[in-house]
Amino acid sequence: MHEMSIAQSLIDILKEEMAKHGAGTLRSVRLHIGQLSAIVPDSLSFCFEVMTSDTEMEGAKLIIETIPLKGTCRECRLTFEIKDYTFECPECNSTEIDTIAGQNLSIVEMEVE
Amino acid sequence: MKISVVKNILEANDRIAQENRAIFDEKGLVVFNLMSSPGAGKTSLLEKTIDGLKDHIRMGVIEGDIQSSHDAERIAQKGIPVVQINTGGACHLDGNMIRDTFKDFDFDDLDLLVVENVGNLVCPAEFQVGEDFKVMILSVTEGADKPSKYPLMFHESKVLLINKTDLLPYVDCDIEVIKKEALRINPRMTLFEISCKTGEGLDAWYSWLKETVENRRADLKGK
């Protein structure tokens, strides 16, 4: 249940951004959640809803997109989707893989008034 | 009005973790974050490791639990510095909680600081505390399907200690499957098979840890 901590960090960032842009109402927020992260989207939405009631963010919609896990092979430079968490190059079988997407939690866009 | 903001949601914690790390580095202190599900043997491993390396490494421990000071009392009996954090409900430790313990340690007297996280196979993997690396324990009673069910922690950890191997004859767990699955998710992982109960396999872990701490301290001194 670390979604509560994540929701709190999210709210802190949103507050700061809203103040920066002089916004009074938050309509929606678009989030990218990496496939490898251990976040349950429904539970994050629930925590966000509870924690923003009676604030300027009340009723804001969380649009959560799950970002597939992608890696680049250090040996043959192939970029591929890492399926089933198997960190092995499908081309040359190397296990020297750099994760390039699907591990982060980020805010990408917010709609305010 | 749409505003585009590309920001890492965990940046506040990541920043504090980086600040912690800078302090550890300056003090030449090696830090690892010890994670597992509840009851896998984190505190037992530490008790053994403290005894096994007491002539070589000066260790300190931060104990994280939701409630109680049982674990800190166990570690304190070994005569090393220990601080208990009670998260009061939170399922993981974060950078801030670790920073709050700094006043209770004299880092100049330590080579290694171990952060024993809250027992949980999910959340602690997401929050950096300023560690050099992560170590996890999986006990054979938990089953061989855990790496594929909880990939993040296996992917993030440098070391996997498979504990309670003395129970293998009594449980339906294929240790080869654990090893294969863990290495599929994290091919760079170092694996040890241990039993904190019988002591089997612990010597290899002690040697690895001693060497790792010595190498890292030498690197830090060279900076």
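A crossing of two helices is called right-handed if the near helix is turned clockwise from the far one by less than a right angle, and left-handed if anticlockwise. Keep that in mind for this predicted model, where local features need pLDDT of at least 70, side-chain atom pairs count only at pLDDT 80 or more, and totals for chains, interfaces and linings use all residues. Residues are numbered from 1 along each chain as its sequence is written, chains are lettered from A and ligands numbered from 1 in the order in which they are written, and side-chain values use heavy atoms, with hydrogens and water left out.

Here are two helix pairs, with helices being DSSP runs (H or I, at least four residues) numbered from the N terminus. Axes are lines fitted to C-alpha atoms over the stretch in contact, and angles run from 0 to 180 degrees between N-to-C directions.

| Pair | Axes come within | Crossing angle |
|---|---|---|
| H1(A) (residues 3-20) and H2(A) (residues 41-52) | 9 Å | roughly 55° |
| H2(B) (residues 42-53) and H8(B) (residues 202-222) | 10 Å | roughly 70° |

Angles of 65 to 115 degrees count as roughly perpendicular, under 35 as roughly parallel, over 145 as roughly antiparallel and the rest as oblique. H1(A) and H2(A) are therefore oblique to each other, while H2(B) and H8(B) come out roughly perpendicular.

Take the chain B pair: H2(B) passes H8(B) in a right-handed crossing. Contact means heavy atoms within 4.5 Å. On the H2(B) side you'll find Leu45(B), Lys48(B), Thr49(B), Gly52(B) and Leu53(B), meeting residues of H8(B) that include Trp205(B) and Tyr206(B).

Over in chain A, H1(A) also passes H2(A) in a right-handed crossing. Among the residues making that contact are Leu10(A) of H1(A) and Phe48(A) of H2(A).
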